[in-house]
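Hi everyone, thanks for coming. Let me put the structure up, and then I'll walk you through how one of its chains is laid out.

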Amino acid sequence: MPAQPLELILARQFGDSLNLPMFLVDPEGNLLFYNEPAEEIFGLKFNETGGMRLEEWATIFKPTDQDGNPLTPESLPLVKTLSTKIPANGEFYVDSLTGIRSYISVSTFPIVGRTKRFLGAMAIFLKSHEV
Amino acid sequence: MKVRIWGCRGSLPAPGPENYRYGGNTSCIQVTEGDTCIILDAGSGIMRLGRFLGPTVKEVHILLTHLHIDHTMGLGFFQPLYNPNVKVHLWGPSTGQEPLLHRLRRYFSPPLFPVKLSELPMHPEVHELGDEEFSIGGIKILSQFLCHPGPTLGYRLTANQKTLAYIPDHEVMLGSSDFPHDPEWTSGFEIANGADLLFHDGAYSSKEYVGKMGWGHSSIRDALLFANMCKVKKLSIFHHEPTRTDEQIESMYRDAVREGNFGFEIEMCAEGNVYEL
């Protein structure tokens, strides 16, 4: 089993120490890690799910607009950061698996290693309120 | 591979009669395989190595883990650098910003050192490394960044199905999630995985580590847990504190092995040790 590069290991350690929801994804968008505060947004526990492939977590994490219409993937900050390798931010609604709807603000930034290798992205959320 | 230790002390050379057994020179290991000569780090131990290098050696590869002074302080005193008949290659971590050559020039310049790199009879060839695989002679090498302040690499050297792993400066506890249960998320795992011989940072006792978290080094206990996770065959504890006497190092060893049966050989690395892999 290949180990993760140091930059991702330290990003996960950083996220694990935050009291803000945080996702860590690889360059393909596969979810590598989400921290305890993010578990509330998902309605899942990382210890139970581990990392998830893009197609798997995309069915769980469904951002919508105010009227409940799904947002296009291209409009999501994390997708923008993965495709452009530049930071992005946005605000939208998400429904957790436990049925709780939250309005969240998200900032995403690329993880580019010392040798300028693009390794993935980190998303940090701020939950404004539950709807 | 033949492996010889020319220095295993950390931070600062520590000569003196109380350090006779483990030696006082800082990080330097010589690895030879056929005609290939690789030197891991250029701490103060490299000066003596240079004096004992045979006249038949015409090419030397120095692999620097990082540029902290205890890993580079011997470079200017390495005699082959002044011999026009010896080609010296310097390998070290890339930052993606300032070239390695420029960073090495800082050492080869006043007030640290009187001789400039450009004044050497044959300019060393500089190679920048990141997470990558390459070969020197018959030795296959993997380099990977590790958890230690500043750009720092670990090296995995493999020849004839035998593997040496060199991780002299490493704070494994900070570079790991759920240590020691998640190898995929542990800094250095791929470097050390299944190695026949692992040299790993064990600068502190567990009690000392509590007050020195973030300094970039590991406790002996964490080194043992890391080696156990990586299923190495032998662990050689490296980077002895400069203030540590032979007696104290041996006491730390007794405390470490008392903690449990790890199923692999454990030793405190000593200058002058020789290994055949």
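Let's begin with a helix. Helix α1 of chain B, residues 45–52, lies across β1, β2 and β3 of chain B, and its direction is at about 130 degrees to β1(B). Please keep in mind that this is a predicted model.

Those strands belong to an open, mixed sheet of seven, in the order β6-β5-β4-β3-β2-β1-β14 in chain B. At its edges stand β6, 125–129, and β14, 274–276, each with a single partner, so one side of each has no neighbour in the sheet. On average, neighbouring strands here are turned by 20 degrees against each other, direction ignored.

Looking inside that sheet, β1 (2–7) and β2 (28–33) of chain B pair antiparallel over five bridges, and R4(B) stands opposite Q30(B) in β2(B). Over towards β6(B) there is another helix: α2 of chain B, residues 100–107, lies across β5 and β6, running at about 120 degrees to β6(B).

Now for the other sheet. Seven strands of chain B form an open sheet with mixed pairing, ordered β7-β8-β9-β10-β11-β12-β13. Helix α5 of chain B, 220–230, lies across β11, β12 and β13, at about 150 degrees to β11(B).

Last, the partner chain: 19 residues of chain B are in contact with 15 of chain A. On the chain B side, eight are nonpolar, eight polar and three charged.

Notes. Residues numbered from 1 in each chain as written. Chains lettered and ligands numbered in written order. Predicted model: local features only at pLDDT ≥ 70, side-chain atom pairs only at ≥ 80, totals over all residues. Pairing = 2+ DSSP bridges. Helix = DSSP H or I, 4+ residues; strand = E, 2+ residues; numbered from the N terminus. Axes fitted to C-alpha atoms, helices over the stretch in contact; angles between N-to-C directions. Contact = placed C-beta atoms within 7 Å. Nonpolar A, V, L, I, M, F, W, Y, C, P; charged D, E, K, R; others polar.
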